[in-house]
Amino acid sequence: MQEAAVPRTLTRREEAAELGVFLLLVAPTLALSFVDTGGSAVPFWLTAAATIARDVGLVALILLLLARDRQPVTVIGWARRRIGRDVLIGLALSIPLVSGAQVLEAALRAAGLSSPSSAPGLTPSGPGEVVLAVVLVLVVAVAEETIFRGYLILRLTTVLRSRLWAVLAASLIFAIGHGYEGEAAVVTIGLTGLVFAIVYVWRQSLVAPVVMHLVFNLLAIVVAPLLSS
C-alpha cells in the first residue's frame, strides 16, 4: 500500500519567496486597475472572458504550489465539513453585508470620494451575456476567495508572523485590485474583503465567504443591470 505524502514544512524564507513570486504575477493587474481608460467601451464578453481566464489561471497556480509543497487544499479553507451550515451562514450574512456596503459607499461619495457611475466592461446585455455574467460571478467568488482569503492569509501569516496583519494585508491587496471602480468603491470593497476574511478565520472554511462574495457580485453585476434596463 502506497503511503500518503507527508506535507513538507516550508521555512519562512521559502514562503516569503513563493509569496513574492505570486504577488509579482498579480501586481501588473492590480496596478492597471487604477489606469483611466478614458471611457473607452470594452465589450462585456471580453472583460468577462479575460477575468475568468486570469482567475482560473491563478487558482491553478495556487494548486500547483500546494501540490509541490505536498499541502492539502484544506490548508486554504477547502474542506467538506459543515458545508450546509456555512452556506446558510453565508446567505444570512449577505443581507447586512450588501446593505451596509451600499450605505457606506453612498456616504463616501457624499464625502467627496470619487466613484464612476459603472464599472467599465461589466454591464451585460442580452440573454447570452447574462448567462456569461452568472458564470463570471461564480468563478470570481470561488477564485478570489481562494486567492485573497485562503492562499494569501496562509502565506502572509507566516511571513508577517501575525494572523491579524495577514488579514489586513490581504484585505488591502484585495481592495487595490478594484481601483477602476473609484476611491469610494476601493474603501468599501476593502472593508467588505475584511469581513470576508473575518468570517473565513472564524469558520476556518472558504464556503461562507464564497457564498457572501457570490451574492454580493450577483446583485451588482447581474441583478442591478437587469432591474435598471
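1. R54 is partly exposed, with a relative accessible area of 32%. Its side chain meets that of D55 in a salt bridge, 2.9 Å from N to O. D55 counts as buried, because its relative accessibility is 2% and the cut-off for buried is under 20%. Keep in mind that this is a predicted model.

2. Now take D86 and R203. Their side chains meet in a salt bridge of 2.6 Å, N to O. This pair links distant parts of the chain. D86 sits in helix α3 (residues 83–110), and R203 sits in helix α6 (residues 183–203). The two are 117 residues apart. Is D86 buried or exposed? D86 is buried, and R203 is buried too.

3. How many salt bridges does a search of the whole structure find? The search finds 9. One of them joins E15 to R155, with the closest N and O atoms 3.7 Å apart. E15 lies in helix α1 and R155 in helix α4, so this pair ties together parts that are 140 residues apart in sequence.

4. Check the burial of that pair. E15 has a relative accessible area of 7%, so E15 is buried. R155 is buried as well, with a relative accessible area of 0%.

5. Go back to D86 and R203, whose side chains form the 2.6 Å salt bridge. Other salt bridges share partners, and these join E15, E18, R68, D69 and R155 into one network.

6. Next, the aromatic rings. The count comes to 2 aromatic pairs. F22 and Y151 form a tilted pair. Their centres are 4.9 Å apart, with 55 degrees between the planes. F22 lies in helix α1 (residues 12–32) and Y151 in helix α4, so the pair ties together parts that are 129 residues apart in sequence. Both F22 and Y151 are buried.

7. F148 and F174 also pair. Why is this pair called edge-to-face? The ring planes stand at 65 degrees, with the centres 5.2 Å apart, so the pair is edge-to-face. The cut-off for that label is over 60 degrees. F148 is in helix α4 and F174 is in helix α5. The pair links distant parts of the chain, 26 residues apart. F148 and F174 are both buried.

8. With 34 residues at 1.5 Å a residue, α4 should span 50 Å. Its end C-alpha atoms are 46 Å apart, which agrees. Where is the kink in α4 centred? The kink is centred on L152 and is about 40 degrees.

9. Look at the end of α4. L160 lies in this helix, which covers residues 127–160. L160 has a relative accessible area of 39%, so L160 is partly exposed. R161 follows α4, and the phi of R161 is positive, near 60 degrees.

10. Last, the surface. Which residues make the nonpolar surface patch? L160, L164, W165 and L168 make this patch, which is about 420 Å². Helix α5 (residues 163–176) gives the largest share of the patch, 3 residues. An α-helix has 3.6 residues a turn, so residues three or four places apart point the same way.

Terms used. Residues are numbered from 1 along each chain as its sequence is written. This is a predicted model: local features need pLDDT of at least 70, side-chain atom pairs count only at pLDDT 80 or more; totals for chains, interfaces and linings use all residues. Side-chain values use heavy atoms; hydrogens and water are left out. Patches are made of residues with over 30% relative accessible area and no salt bridge: like charges are joined within 9 Å, nonpolar side chains (Val, Leu, Ile, Met, Phe, Trp, Tyr) within 5 Å. Accessible areas come from the Shrake-Rupley method with a 1.4 Å probe; for residues, only the protein chains shown count as cover. A salt bridge is a side-chain nitrogen of Lys or Arg within 4 Å of a carboxyl oxygen of Asp or Glu. Helices (H or I, at least four residues) and strands (E, at least two) are DSSP runs, numbered from the N terminus. Buried means under 20% relative accessible area, exposed over 50%, partly exposed in between (1.4 Å probe, protein chains only). The expected span of a helix is 1.5 Å times one less than its number of residues. The bend at a residue is the angle between axes fitted to the seven residues ending there and the seven starting there. Rings of Phe, Tyr and Trp (its six-membered ring) pair if their centres lie within 6.5 Å; planes under 30 degrees apart count as stacked, over 60 as edge-to-face and the rest as tilted.
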